[in-house]
Amino acid sequence: MGVRKLAVMTMLAGAGIAVLALVAALGAPRASAQIRPYTPPKTAKPGADWTERIEEILPPGVESRAEATKRVQTYTPDPAKYPIPRTPWDGKPDFSGVYWPDATFAPPPVALESLYRPEAREYREGGGAARGLIDWRGIDTPNYHCWPPSPVNGSMGGTVQLVSAPGYLLLLNEGASNFRIIPIVGENGAQPRASRRPSFQGSSVGHWEVDTLVVEVSDFNGKPWLGNAQPPNRLPQTTSDALRITERWSRPDAQVFEYRLVVEDPKMLTAPWTGASDRRGIMPYDTVQESLCFLDPELDARHREFAEAQAKKNAGGVR
């Protein structure tokens, strides 16, 4: 019995060491071998970014979101020190990697809100295609109902993984497990293709302009918001089925990728809108993690009841 018990204990100890080694390999901020008791963060000052509420519980030495964002935002690409990785099949920049966080290094030339058509106001007041689903004057947004992230950021909310493959760029979004498959056509530009079924993320097709991947996205279903509402001053930034987005993806060095876009929606906007220039830093991981989004039936019923009550109130049905 003593020998058998010793053997079992040795096996368990070996398994424990393997688990700890795996956790340590994943690294900080995703996972840490340090176990710390959870203590609720203190209330942040009014208007503070939500990340300020969690920074005090981060393990020592772990970079906060705010610190990581500032680092990526102020980063100066250095292709001499960090050469641009290139694919073996065509020599174009290889985007493969896991990236976080996103940081804006050049703001939009004009505010998106300034381009909305006055005649679209009533539609926007109702929440656009989300009418009856949410109350945008509160904290509710389409994202709370498992709608994909805004196409303005390439549906790249949170941590993303890019995979370069012959003829394709794949995007795997850790948030709610969204994905995009972007076919890449020849150097002569986008070629005609059969129309696709309208969707939240639209249909994408890319082509190379030297080392920049230009992606044209169309066939949207008119449901996405381009940006969240900010009650009471900013209405939901709704879209129509005429939405079209042109993205420009580049890899200035091995540490980051950069993303720019132009939005066109003649039913909603008076002119094309050039968005912010964003940058994402590469992370030392080989895959994104699992993340699920599903509706709680009871919570969803309460959302609908609240939305219906608000609609009646706004219509003068409730005094």
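Me: Rings of Phe, Tyr and Trp count as a pair if their centres lie within 6.5 Å. In this predicted model, which residues form one aromatic cluster?

Reply: The aromatic cluster consists of Phe95, Tyr99, Trp208, Trp249, Phe257 and Tyr259. By the pairing rule, the count comes to seven aromatic pairs.

Me: Why is the pair of tryptophan 249 and tyrosine 259 called edge-to-face?

Reply: The ring centres of tryptophan 249 and tyrosine 259 are 5.3 Å apart, with 85° between the planes. The separation is within 6.5 Å and the angle is over 60 degrees, so the rings pair and the pair counts as edge-to-face. Tryptophan 249 belongs to strand β9 (residues 244-253) and tyrosine 259 to strand β10 (residues 256-264), 10 residues apart, and the pair links distant parts of the chain. Both tryptophan 249 and tyrosine 259 are buried.

Me: Why does phenylalanine 95 count as buried?

Reply: Its relative accessibility is 1%, and buried means under 20%; phenylalanine 95 therefore counts as buried. This residue is placed in the loop between α2 (65-73) and β1 (97-106).

Me: What does phenylalanine 95 touch, leaving out residues up to four places away in sequence?

Reply: Its contacts include Trp208, Trp249 and Phe257, which also belong to the aromatic cluster. Leu162, Ser164, Leu169, Leu213, Ser250 and Arg251 are touched as well. As for isoleucine 84, it lies 11 residues from phenylalanine 95 in sequence and 9.3 Å from it in space, C-alpha to C-alpha.

Me: Which residues have the most contacts inside the largest nonpolar core?

Reply: They are Trp249 and Val263, in a core of 30 residues. β2, β3, β6 (212-218), β9 and β10 each supply at least two residues of this core, and β10 gives the most, with four. Valine 263 touches, among others beyond four places in sequence, Val152, Leu226, Leu243, Ile245 and Trp273. A second, separate core has eight residues, including Ala130, Ile134, Trp136 and Trp147. In soluble globular proteins, nonpolar side chains tend to be buried together.

Me: What makes the charged end of arginine 124 count as sitting over the ring of tyrosine 116?

Reply: The charged end of arginine 124 sits 3.8 Å from the centre of the tyrosine 116 ring. The cut-off for distance is 6 Å, and the charge must also be within 35 degrees of the ring normal. The charged end of arginine 279 likewise sits over a ring, that of phenylalanine 105, 4.1 Å from its centre.

Me: How do you know that strands β2 and β3 pair?

Reply: Two strands pair if there are at least two bridges between them; strand β2 (residues 160-165) and β3 share six bridges in the antiparallel sense, so they pair. Valine 160 has asparagine 173 as its bridge partner in β3. Two residues lie between the strands of this hairpin, where glycine 167 takes a positive phi near 85°.

Me: What makes β3 and β4 a pair?

Reply: β3 and strand β4 (residues 179-183) are joined antiparallel over five bridges, and at least two are required, so they too pair. Leucine 171 stands opposite arginine 180 in β4. On strand β3 (residues 168-173), Leu169, Leu171 and Asn173 form the covered face, while Tyr168, Leu170 and Leu172 form the uncovered one.

Key. Residues numbered from 1 in each chain as written. Predicted model: local features only at pLDDT ≥ 70, side-chain atom pairs only at ≥ 80, totals over all residues. Heavy atoms only, no water. Phe/Tyr/Trp six-rings, centres within 6.5 Å; stacked < 30°, edge-to-face > 60°. Buried < 20%, exposed > 50% of the residue type's maximum accessible area, 1.4 Å probe, protein only. Contact = heavy atoms within 4.5 Å. Core = buried A, V, L, I, M, F, W, Y, C linked by side-chain atoms within 4.5 Å.
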